[in-house]
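Keep the sequence and the model at hand while you read each solution.

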Amino acid sequence: MKLAGSRIVLTGASGGIGSALALALCAEGAQVLAIGRRAGALAELQSHCTRLPGRLLPLIADITRDDGRARIVAAAREAGAPNLLIHAAALGDFGLFEDSDGARREAMLQTNLLAPMALTQALLPQLRSHAEAAVVAIGSTFGSLAYPGFATYSASKFALRGFIEALGREQADTGLRALWIAPRATDTAFNSAAVNALNRELGTRTDSADDAARQILAALRGGARRRQFGFPEKLFVWLNGAFPALVDRGLRQALPSVRRHARPAAPVPPPASLTTTGAHP
Ligand SMILES: NC(=O)c1ccc[n+]([C@@H]2O[C@H](COP(=O)([O-])OP(=O)(O)OC[C@H]3O[C@@H](n4cnc5c(N)ncnc54)[C@H](OP(=O)(O)O)[C@@H]3O)[C@@H](O)[C@H]2O)c1
């Protein structure tokens, strides 16, 4: 996929991975309609783009709201119909499912799944006005490997992957492609102190936001339909598909650590020796 000259709608542009990706895309010469809710973060991002060959158009919009999505669609049309839509906005959460909050679950499913679906549908006519276009979901390892302590997040990312895969198959006889690009743990504000502590304890490797953006850029250029970053993440995702009982057993070993970090006051056994797949969103 050629990125120079592309017109891109990017949600989550004010976030850690999204802002690094927006800069990388502008450096490639793309025009990026950069969506977020925090005006300050978008203004700062724009100031970093001024000397780059591309163009960044900041837009404050809440993707979970009808009026927010309507403004994105109007701004995209005005900017000249996008050929690339990248869904990077998401909410995370870490904790035991039994402790989870219903309102937070709904907000996560709205943000991580229903809003990207609605925005994709609303932008399809503009995307399909190009001979070649793509919808990209920034997924997660946990969209292929469900992890204890991340039940709602895993559910939202599994469902997002299902949507993207079905969309790609439904559009297989058109010029529209649907890509799933799954970063591994990345150092951004997305992860709470408890998640970072769990990752440290489990020895989970993390990428910087710039590394993640570089890998996303490479995946976009290559155009592969599915891309999982990181080793051993790739191996565990494959193993979970082929032999899920093995992953069940591995994650059983990580459970005491998950419980301790999810609910610090709870009396739980000390950490087992950890040779399992680590935690991260
Ligand atoms: N960080 C990781 O470890 C990790 C690992 C794998 C995958 N990912 C995935 O990578 C993507 C980016 O994550 P990140 O680490 O960059 O997260 P982040 O720094 O927390 O950024 C999240 C972004 O989502 C936006 N957002 C949330 N709710 C929104 C709403 N209702 N309307 C509009 N924008 C909304 C935020 O905008 P405002 O802040 O302006 O509200 C922000 O730009 C996510 O899809 C995440 O699931 C992250």
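Helices (H or I, at least four residues) and strands (E, at least two) are taken as DSSP runs and numbered from the N terminus. The model is predicted, so local features need pLDDT of at least 70 and side-chain atom pairs count only at pLDDT 80 or more, whereas totals for chains, interfaces and linings use all residues. Residues are numbered from 1 along each chain as its sequence is written, and side-chain values use heavy atoms, with hydrogens and water left out.

**Exercise 1. Describe the shell around the ligand and the polar contacts of the ligand.**

Step 1. A backbone N or O atom of Ile 17 is 2.7 Å from a ligand oxygen, a polar backbone atom of Gly 15 lies 2.9 Å from a ligand oxygen, and an N or O atom in the side chain of Lys 157 is 2.9 Å from a ligand oxygen.

Step 2. By accessible area (Shrake-Rupley method, 1.4 Å probe; for residues, only the protein chains shown count as cover), the ligand has 900 Å² on its own, and the protein covers 94% of that.

**Exercise 2. Characterise the pockets and the cavity.**

Step 1. On a 1 Å grid over the protein atoms alone, a cavity is a set of points where a 1.4 Å probe fits but cannot get out, a pocket is an open set with protein on both sides within 12 Å along at least five of seven lines, and lining residues have an atom within 4 Å of a point. Grid points are joined across faces, edges and corners, and a volume is the space filled by probe spheres set on the points.

Step 2. The largest pocket holds about 830 Å³ of space, and of its 37 lining residues Gly 15, Ala 88, Ala 89, Ala 90 and Phe 190 are the closest to its centre.

Step 3. The ligand takes up the space of this largest pocket, where sitting in a pocket requires more than half of the atoms of the molecule within 2 Å of its grid points.

Step 4. The second largest pocket has about 180 Å³, and its lining has four nonpolar, two polar and five charged residues, including Arg 161, Glu 165 and Arg 225.

Step 5. The search finds one cavity of 30 Å³ or more; the largest cavity contains about 60 Å³, and Arg 7, Gln 31 and Ala 81 are among the residues that line it.

**Exercise 3. Locate the backbone features.**

Step 1. Most residues other than glycine have a negative phi, and most peptide bonds are trans.

Step 2. Ala 81, in the loop between α3 (66–78) and β4 (84–87), has a positive phi near 50°.

Step 3. The peptide bond from Phe 231 to Pro 232 is cis, with omega near 20°, and Pro 232 lies in the loop between β7 and α8 (233–242).

How values were computed
A polar contact is a pair of N or O atoms within 3.5 Å; within protein, one must be able to donate a hydrogen and the other to accept it, and residues adjacent in sequence count only if both atoms are side-chain atoms. Ala, Val, Leu, Ile, Met, Phe, Trp, Tyr, Cys and Pro count as nonpolar, Asp, Glu, Lys and Arg as charged, and the others, Gly among them, as polar.
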